[in-house]
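Here is a friendly note to read alongside the structure. Keep the 3D view open and look up each residue as you go.

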Amino acid sequence: MINGESKIARLRWGMIGGGRTGQVGYKHRTGGLRDGTYQLVCGAFDLDIERGREFGVNIGIASDRCYADYKELIAKETARPDGVEVVSIATPNFTHFEITKACLEAGLHVICEKPLFFTVAECEEVRKIAEAKGLIVGVSYGFTGHPLVEQMAMMVKKGMLGDIRIVDLQYTHGFNAGDDANASEAQKWRTNPKTSGPTFVLGDIGTHLYYLSEVVLPHLKIDKLLCDRKAFIPTREPLEDHATVLMHYDNGARGHLWVSSVDAGNMRSHRYRFVGSKASLEWTDSFPNQLSYEVQGEPVRILHHGMPYLENETNAIDRMGALHTEGLGDSWANIYLWIAQAIDAKKKGDEAFLKTHRYPGIEAGTEGVRWLENCVRSADAGAVWVDFK
């Protein structure tokens with residue numbers, strides 16, 4: 001069980017984006033500051049320089065370390081003996097590649113929002129830079145730090161479900177069911193191809209589903225997929241606010257993924273169901289402390305987090321204990337801790353640790369972008385089956 005005790009050196013940490021008007025900045029800080037593993041020392045929080053500086057001071061950053069933009073942050077922090085070591089990028093999608101590349105070239109580790117970049121080619125370029133510099137690129141797939149996600153992965157690994165046959169994934173909500181006339185700035189950039197990239201909901205929320213399925217089912221690979229996407233609000237075209245993806249896996253399994261931001265009234269967010277030849281697992285972030293384990297011919301079992309009947313690996317990342325609820329902030333804290341452990345291992349040259357250590361890194365970000373490229377290729381060809389490549 002995690003208790004906040006740290007065995008690695010505290011990292012000097014900065015943020016690019018994630019200021020007062022951002023939607024994800026506080027989630028990053030909730031994760032990064034939870035265990036004292038990171039110390040937030042600087043930031044370029046906002047395109048509005050004065051608003052960004054005021055915000056930074058209000059959360060405890062020295063005024064002279066609240067910068068106008070990422071270029072000033074890099075220039076001034078790398079000149080300091082106590083300068084920043086790792087930065088989180090919580091900016092619109094179209095800036096991720098440029099900022100990540102600049103930070104890596106300056107010798108800084110990076111934690112970036114998803115989708116990581118627009119193309120696999122950009123991912124490969126960044127991977128080469130990170131490897132050459134001996135740096136870590138983490139990706140904020142914040143839902144996969146929940147203990148019961150680890151439990152699902154361990155149960156699949158032990159064969160408790162049998163052969164995997166069906167993968168059913170859903171992440172939907174209705175907060176974009178209306179038009180964008182009164183949308184926030186954070187929402188407007190997500191529906192603009194120039195700033196969002198080739199997708200809206202597929203990249204914004206669909207990649208969460210895809211990565212979590214990779215964590216639970218690392219042995220399954222997609223052979224081909226079919227993506228059907230639509231903008232129910234016409235001004236969002238050519239991007240989608242609703243999409244369905246069918247997937248054929250290399251073991252013969254079938255997958256179905258539904259993402260939508262026009263699912264009016266839905267507040268259950270996302271759901272995962274993995275069906276095998278012996279049993280099924282179902283988990284939702286609406287009830288993140290419970291996992292439904294359904295063995296054919298037997299009563300349904302509800303597994304609860306923090307209990308001794310769970311796998312040791314599951315309870316090792318639990319934070320609250322069985323009688324107390326764990327939420328999204330706890331999951332983000334685990335993600336940030338795992339990335340910090342990867343950074344520490346990279347500094348020490350402990351490649352053996354990195355080979356077995358699970359955290360959402362450049363490979364996870366790249367595969368998410370690869371999945372998006374295939375989805376767009378299928379949808380733009382008229383919702384046809386395409387070989388996954």
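Predicted model: local features only at pLDDT ≥ 70, side-chain atom pairs only at ≥ 80, totals over all residues.

1. Let us begin with two helices. Two packed helices are described by the angle between their axes and the distance between the axes. Helix α4 covers residues 96-105 and helix α5 covers residues 120-133; they pack at an angle of about 15°, and their axes are 10 Å apart. Because angles under 35 degrees count as roughly parallel, α4 is roughly parallel to α5. The crossing of α4 past α5 is left-handed.

2. Which residues in α4 and α5 meet? From α4 come Phe97, Thr100, Lys101, Leu104 and Glu105, and from α5 come Glu122, Glu125, Val126, Ile129, Ala130 and Lys133. Sorted by class, this contact of α4 with α5 has five nonpolar residues, five charged ones and one polar one.

3. Next come the salt bridges. Side chains of opposite charge can pair when their charged atoms come close. How many salt bridges does the structure hold? There are 30. One of them joins the side chains of Asp35 and Arg319, at 2.7 Å from N to O. Asp35 sits in the loop between α1 and β2, while Arg319 sits in the loop between α10 and α11, so this pair ties together parts that are 284 residues apart in sequence. Both Asp35 and Arg319 are buried.

4. The side chains of Glu124 and Arg127 meet at 2.8 Å, N to O, in a salt bridge. Both belong to helix α5 and are three residues apart, so about one helical turn separates Glu124 from Arg127. Glu124 is partly exposed, at 25% relative accessibility, and Arg127 is partly exposed as well, at 22%.

5. Now look at Arg229 and Asp380, whose side chains form a salt bridge of 3.1 Å, N to O. Arg229 is in strand β7 and Asp380 in helix α13, so the pair ties together parts 151 residues apart in sequence. Asp380 counts as exposed because its relative accessibility is 56%, over the 50% cut-off.

6. Salt bridges can also be linked together here: Arg65, Glu77, Arg80 and Asp82 form a network of them.

7. Please pick out Ala342, which is in helix α11. Ala342 counts as buried, at 0% relative accessibility. Setting aside residues up to four places away in sequence, Ala342 touches Ile136, Leu354, His357 and Tyr359. Leu323 is 19 residues from Ala342 in sequence, and their C-alpha atoms are 31 Å apart in space.

8. Finally, check the backbone. Most residues other than glycine have a negative phi, and most peptide bonds are trans. The bond from Lys114 to Pro115 is cis, with omega near -10°, and Pro115 lies in the loop between β4 and α5. Glu237 and Pro238 are also joined by a cis peptide bond, with omega about 10°; Pro238 is in the loop between β7 and β8.

9. Ser269 is in the loop between β9 and β10 and is buried, with a relative accessible area of 19%. Ala383 is in the loop between α13 and β14 and is partly exposed, at 24% relative accessibility.

Technical notes:
Residues numbered from 1 in each chain as written. Heavy atoms only, no water. Axes fitted to C-alpha atoms, helices over the stretch in contact; angles between N-to-C directions. Helix = DSSP H or I, 4+ residues; strand = E, 2+ residues; numbered from the N terminus. Parallel < 35°, antiparallel > 145°, perpendicular 65-115°, else oblique. Left-handed = near helix turned anticlockwise from the far one by under 90°. Contact = heavy atoms within 4.5 Å. Nonpolar A, V, L, I, M, F, W, Y, C, P; charged D, E, K, R; others polar. Salt bridge = Lys/Arg side-chain N within 4 Å of Asp/Glu carboxyl O. Buried < 20%, exposed > 50% of the residue type's maximum accessible area, 1.4 Å probe, protein only.
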